[in-house]
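Dear colleague,

I am passing on a structure that you have not worked with before.

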Amino acid sequence: MTAESKHGKGLYRNTLSYFGGLIMVGAAGMILFLLLLEFSLKNPSPYLGIFTYMVFPMVFGAAVVLALYGMRRESLRRRRLGTKEAQPFPKLDLNDRKTRKWFAYILVGGSLLGILLTFVGYNAFLFTESVTFCGEVCHTVMEPEHRAYLASPHARVSCVECHVGHGADWYVKAKLSGLRQVLAVTFGTYETPIPVPIKNLRPARETCEECHWPEKFYGAQLIQNPHFRYNEANTAEQVSLLVKTGGGSRRLGENAGIHWHMILDNKVTFKASDKGLQKIPWVRVRDHEGKERIYRDKDSKISDDELDAFPEHVMDCMDCHNRPTHNFTPPDIAVDKAMAAGLISPTLPWIKKVAVDALTASYVDKEAAGRGINDHVTGFYKDRFPKILRDRSKEIIEAVASLEAIYDRSVFPAMKVDWKTYASNIGHRNWPGCFRCHDGKHVTESGGVLSRECTV
């Protein structure tokens, strides 16, 4: 037997190429199967998309590389043996009938495969841009943000609209950052709680203002917040605020209110001494005439050299509206809203105090929280109002269910997240908010005080 007949004609006739081809067939078959399965399910698992659009396509690509490497290796081996079939690349002669037949097979099969891979690749892009991918794949890590997102006013806005925005440069940055996050989740090196991505956050003018147009905000808005007192009757009140929203344009009233900060021909910059931008010792205001005022916190112990080392931030929407979506409502506010909505009956004696006490207790996990909230509420009425527990048990059960729902979307022991974890800068009820700068302590060298007057 000659070397030519022994080794055959095709360079693919080797163990590595055969093995690579086998894996390619298996991977392509699994992709097709999972596509059909995904289309047949109403609510497919996010992990199905991971395998359909990412894992098996990568396996297929690795198999192609393995098959090509096997062919190259076989070519080198044949040349060492001195056979006539030692060409480094396959020979293509369409005048040969057998070659034409294989060429037709490869052309048709390659076209179908190309269509499949293009479809999978495009859907892989769509999948990585989806809320499912962002919020549900890394379930434990992203559960707090995802649950808060679903209960927010932006629940119909996809994550990438704010966290990535438009343009190839930010898309690439986001995917590189996402790769680091995947590695952190894989090896368990992520922080708990997840830090706010202030450093890598895209300016609000390129994201928020795609929908919200500060130049068109003007006038005032009436805000009415329900409130119930901590007494037996749960006395109902309503906190009404006339918020002077103001505008982002001097044409609509330069001193109109809050959005003065966002007037396009004004520029407000500041320096913070912490990563969360909560401690602000220095503020610069430059108005439309070019006049500049610098305010420093007179109680700050930070030296000039330390202050010079801090980065200077241009103030934008996110410096006040820093929790527009991932907001964890404090227990008293959440209970007020539930009582105003009728989810918790305000006629149950002391229910406001009992509910808030139950929510603020410490629990090791969500299962323990469910038991603890139930025991706290039912135990209170059993001891103090047994007749109400007997006659109005349905209302108490509904109240307990509402409290469990509030806890479930606000507290995540595994990630060390609750309503105290992330500061909200809107207002100043539970966190400094506006008073980070407007505290009466930020003054200029001439003695001018940064206003803390809400009626301006």
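Predicted model: local features only at pLDDT ≥ 70, side-chain atom pairs only at ≥ 80, totals over all residues.

Helix α14 covers residues 393-408, and at 1.5 Å a residue its 16 residues should span 22 Å, which agrees with the 22 Å between its end C-alpha atoms. The buried residues of α14 are Ile396, Ala399, Val400, Ser402, Leu403, Ile406 and Tyr407; they cover an arc of only 165 degrees around the axis, which puts them on the same side of α14. In general, an α-helix has 3.6 residues a turn, so residues three or four places apart point the same way. The buried residues of α14 pack against α10, α11, α12 and α13, whereas the face turned away from them carries the exposed residues Lys394 and Ile397.

Elsewhere, Met30, Phe33, Leu37 and Leu41 make a nonpolar surface patch of about 330 Å². Of these, Phe33 lies in helix α2 and is partly exposed, with a relative accessible area of 48%.

The count of salt bridges comes to 19. One of them joins Lys441 to Asp299, with the closest N and O atoms 3.4 Å apart; Lys441 lies in the loop between α14 and β7 and Asp299 in the loop between β5 and α9, so the pair ties together parts that are 142 residues apart in sequence. In another, the side chains of Lys352 and Asp336 meet at 2.9 Å, N to O, linking helix α11 to helix α10, and both residues are buried.

Key
Residues numbered from 1 in each chain as written. Heavy atoms only, no water. Helix = DSSP H or I, 4+ residues; strand = E, 2+ residues; numbered from the N terminus. Expected span 1.5 Å × (residues − 1). Buried < 20%, exposed > 50% of the residue type's maximum accessible area, 1.4 Å probe, protein only. Arc of directions from axis to C-beta. Contact = heavy atoms within 4.5 Å. Patch = residues over 30% accessible without salt bridge, like charges linked within 9 Å, V, L, I, M, F, W, Y side chains within 5 Å. Areas by Shrake-Rupley, 256 points an atom, 1.4 Å probe, with all protein chains shown as cover. Salt bridge = Lys/Arg side-chain N within 4 Å of Asp/Glu carboxyl O.
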